[in-house]
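Biologist: I would like to go through this structure step by step. Please show it first, and then I will ask my questions.

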Amino acid sequence: MAEENDNSQEKTEEATPRRLEKAREDGQTARSKELATMAVLMAGAGGLLIFGTHLGASLADIMRDSFTLERSAIYDTRHMSIQLMGAAKEAAWALAPLLIVLVIAAVAGSIGIGGLLFSGKAIAPKLNRMDPMKGLGRMFSARSLIELVKAIAKVGLVMFIAILILNARTEDLLAIAGEPVVPAMEHVLWTLGWSFFLLSCATIIISMIDVPFQIFDHQKKLRMTKQEVKDEFKDTEGKPEVKGKIRQLQREMAQRRMMQDVPTADVVITNPTHYAVALKYDQDSMGAPVVVAKGSDETAFKIMEIAREHKVELLRTPPLTRAVYHNSEVGDEIPDGLYMAIAQVLAYVFQLRQFRKGRGPRPGMPDFPIPSDLRRDI
């Protein structure tokens, strides 16, 4: 029942980035056959106008060489194959510039919208394409009707432009009859070349209509229902309970790493019943003391326990501990306003160690200065 409700929903939502990416993986992207056709026709017509003179001269040379034989060549059985290979080579060189232009135009027209795409799924055989009933359905679908209308419109547009060209060229074509043969042939070829180019320009109009339509049609096919968007979000981001479990594991891993750094600390300042902060300072590699671990309640007791096991100095400084705990994170340097207070802590710890070694008097607990903006009462 739920599936029926999902299927009945209208696809009103734009495709998500994941949906677009999956469509490209499946070989689905906007393509315009009219754009490719326009590119090939325009390139062919322009190529003939540019390279036509050279191509005609090369073909004339091939014809002249093919029908001009010396007496000795008539009796040479190898001459025909040599002549054929030479003509083929010369024709290939003559046609190469035009063919290269056509290949570039064909590739550029194909990837003009949608970009370059290689997908094995697009060319993989699908049995549902061989279903005759589905084939008949596609033949009489709304899309087929649109393609039929497009084809009729294209033929009509080309015929209209062709009639305009003939009307404009009528007097010019009639004048060819009074010209000598060779200039008349050149005139005809030039007229045909430009007429072909102007007819090819008709495909520009067709492409300008088809390209936006293909983009719109592709986007419409990829639209999603609101339920599909929600389902994809769940699949991409993960279910809330799974994400919660992941966050919990990440916190546990971070806490284990933090506890491993406690033995390297120089001092652990405590509240002592609520907070504990482990500090480390290396004057050669650190610009200021760094918080290597901090925690409250059970975590604080665990930090203090590890500190005792590794003989790290524990110092009871409730106001200072709260200030450091609330204004810094693990791995961060202490705030600038607490430099003086922490410096006194480290100096006190150093003097205390010296006292225990019998190298000085017992130091007194200093009064650690804490700026009012960094103080925390809880």
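Biologist: Among contacts between residues at least 6 apart in sequence, what share joins residues at least 24 apart?
Modeller: This is a predicted model, and the share is computed from it. Contacts here are pairs with heavy atoms within 4.5 Å. Of those between residues at least 6 apart in sequence, the part that joins residues at least 24 apart is 75%.

Biologist: How many helices and how many strands does the protein have?
Modeller: The chain has 378 residues, of which 29% count as buried. Its elements are 14 helices and four strands.

Biologist: Which strands are the edge strands of the sheet?
Modeller: The sheet is open, has mixed pairing and runs in the order S3-S2-S1-S4. An edge strand pairs on one side only. That holds for S3 (290-296) and S4 (313-316).

Biologist: Which residue in S3 stands opposite Ala276?
Modeller: Strand S2 covers residues 275-280 and pairs with S3 in the antiparallel sense, over six bridges. The residue in S3 that stands opposite Ala276 is Gly295.

Biologist: What angle does helix H13 make with S2?
Modeller: Helix H12 (residues 298-309) packs on the sheet and touches S1, S2, S3 and S4, with its direction at about 125 degrees to that of S3. Helix H13 (residues 318-327) also lies across S1, S2, S3 and S4. Its angle to S2 is about 75 degrees.

Biologist: Which element gives the most residues to the largest nonpolar core?
Modeller: This core has 23 residues, and Ile269, Leu279, Leu320 and Val324 touch the most other members. Leu279, for instance, touches residues including Ile269, Val324 and Ile342. Elements that give two or more residues to the core are S1, S2, H13 and H14 (339-356). The one that gives the most, with seven residues, is H14.

Biologist: How many residues does the other core have, the one with Met258 and Ile303?
Modeller: That core lies apart from the largest one. Its members include Met258, Met259, Val268 and Ile303. The number of residues in it is 15.

Biologist: Which helices give two or more residues to the lining of the largest pocket?
Modeller: The largest pocket holds about 600 Å³ of space. It is lined by 14 residues, and the closest to its centre are Gly52, Thr53, Gly56, Glu186 and Leu189. The elements that give two or more residues to this lining are H3 (33-66) and H9 (181-221).

Technical notes. Residues are numbered from 1 along each chain as its sequence is written. This is a predicted model: local features need pLDDT of at least 70, side-chain atom pairs count only at pLDDT 80 or more; totals for chains, interfaces and linings use all residues. Side-chain values use heavy atoms; hydrogens and water are left out. Two strands pair if DSSP finds at least two bridges between them. Axes are lines fitted to C-alpha atoms, for helices over the stretch in contact, and angles run from 0 to 180 degrees between N-to-C directions. A nonpolar core is a set of buried Ala, Val, Leu, Ile, Met, Phe, Trp, Tyr and Cys residues joined through side-chain atoms within 4.5 Å. Buried means under 20% relative accessible area, exposed over 50%, partly exposed in between (1.4 Å probe, protein chains only). On a 1 Å grid over the protein atoms alone, a cavity is a set of points where a 1.4 Å probe fits but cannot get out, and a pocket is an open set with protein on both sides within 12 Å along at least five of seven lines; lining residues have an atom within 4 Å of a point. Grid points are joined across faces, edges and corners, and a volume is the space filled by probe spheres set on the points. Lists of a residue's contacts leave out its neighbours within four places in sequence.
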